[in-house]
Amino acid sequence: MDGDFRTHFVREPNAGKSNPALVLNADYRPLSYYPLSLWPWQEAIKAVFLDRVDIVAEYDDFVHSPSCKIRIPSVVVLKDYVKPQKRVAFTRFNLFLRDEFCCQYCGSKGDLTFDHVIPRARGGITSWENVVAACSRCNLKKGSKSLRQVGMTLRKPPRPPAAEELRNLGRRFPPNHLHESWMDYLYWDSVLEA
């Protein structure tokens with residue numbers, strides 16, 4: 001086994017996190033925008049060798065084994081189409097994404113938690129229709145009281161989001177790093193402005 005391959009990544013712990021591959025569905029759209037569908041380079045190369053993906057773009061970097069040298073993929077497309085989920089899982093992340101990462105009482109964007117509009121102490125349930133993103137200050141102010149009791153209002157009524165709605169919202173929150181080879185595939189399905 002080539003010792004350079006192992007020691008290079010042991011000495012540089014962040015090297016294993018570099019060069020992620022953007023994963024596109026068979027229709028050339030990302031599997032998800034937020035979080036962006038990325039695989040570590042190791043997973044991308046494994047999928048190439050298992051003939052599950054085609055390489056669309058590559059980094060300038062290479063990985064080596066004793067018998068071959070391969071450029072690291074930067075964009076891969078699945079050979080089989082993965083049908084997007086119609087139903088959205090009720091998770092903290094999806095709730096924050098639905099509410100665009102801002103408090104549904106005051107509009108602030110920091111220190112978010114979630115709040116039951118009808119408090120659980122008053123029979124409120126944990127559901128899309130009763131839970132909203134809230135900053136800690138507003139959550140504390142409201143406590144287990146009704147909105148009317150504390151004089152607060154919601155920016156928009158809580159409701160279950162559609163899967164396509166969350167995908168579109170996710171495109172508004174790009175990650176900190178976008179490789180130039182990904183740009184042609186991230187927003188191609190959006191309407192072009194004249």
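**A first walk through the model**

Hi everyone, let's start with the overall layout: the protein chain has 7 helices and 6 strands. Please keep in mind that this is a predicted model. If you trace the elements from the N terminus, they run α-β-β-α-β-β-α-β-β-α-α-α-α.

A few numbers for the whole chain next. The protein chain has 194 residues, and 37% of them count as buried. Its accessible surface comes to about 12,200 Å², with 53% of that belonging to carbon and sulfur atoms. What about contacts along the chain? Taking contacts between residues at least 6 apart in sequence, 60% join residues at least 24 apart.

Now please turn to the loop between α3, residues 92-98, and β5, residues 112-116, where you will find E100. F101 lies in the loop between α3 and β5 as well. Here is something to look at in the backbone. Most residues other than glycine have a negative phi. E100, though, has a positive phi, near 55°. For F101, phi is positive too, and again near 55°. F101 counts as buried, because its relative accessibility is 19% and the cut-off for buried is under 20%.

Let's move on to strand β5, which is the place of H116. This histidine is buried, with a relative accessible area of 11%. Which side chain does the side chain of H116 meet in a polar contact? The partner is the side chain of T126, at 2.8 Å. If we leave aside neighbours within four places in sequence, H116 is in contact with I125, T126, N130, V131 and K142.

Last stop, the cysteines. How many disulfides are there? The count comes to 0. C102 is in no disulfide, and the nearest cysteine sulfur, that of C103, is 7.5 Å away. C102 counts as buried, at 9% relative accessibility. C138 is in no disulfide either, and its nearest cysteine sulfur belongs to C135, 3.6 Å away.

Technical notes: Residues numbered from 1 in each chain as written. Predicted model: local features only at pLDDT ≥ 70, side-chain atom pairs only at ≥ 80, totals over all residues. Heavy atoms only, no water. Helix = DSSP H or I, 4+ residues; strand = E, 2+ residues; numbered from the N terminus. Buried < 20%, exposed > 50% of the residue type's maximum accessible area, 1.4 Å probe, protein only. Polar contact = N/O pair within 3.5 Å; in protein donor to acceptor, adjacent residues only side chain to side chain. Contact = heavy atoms within 4.5 Å. Areas by Shrake-Rupley, 256 points an atom, 1.4 Å probe, with all protein chains shown as cover. Disulfide = S-S within 2.5 Å.
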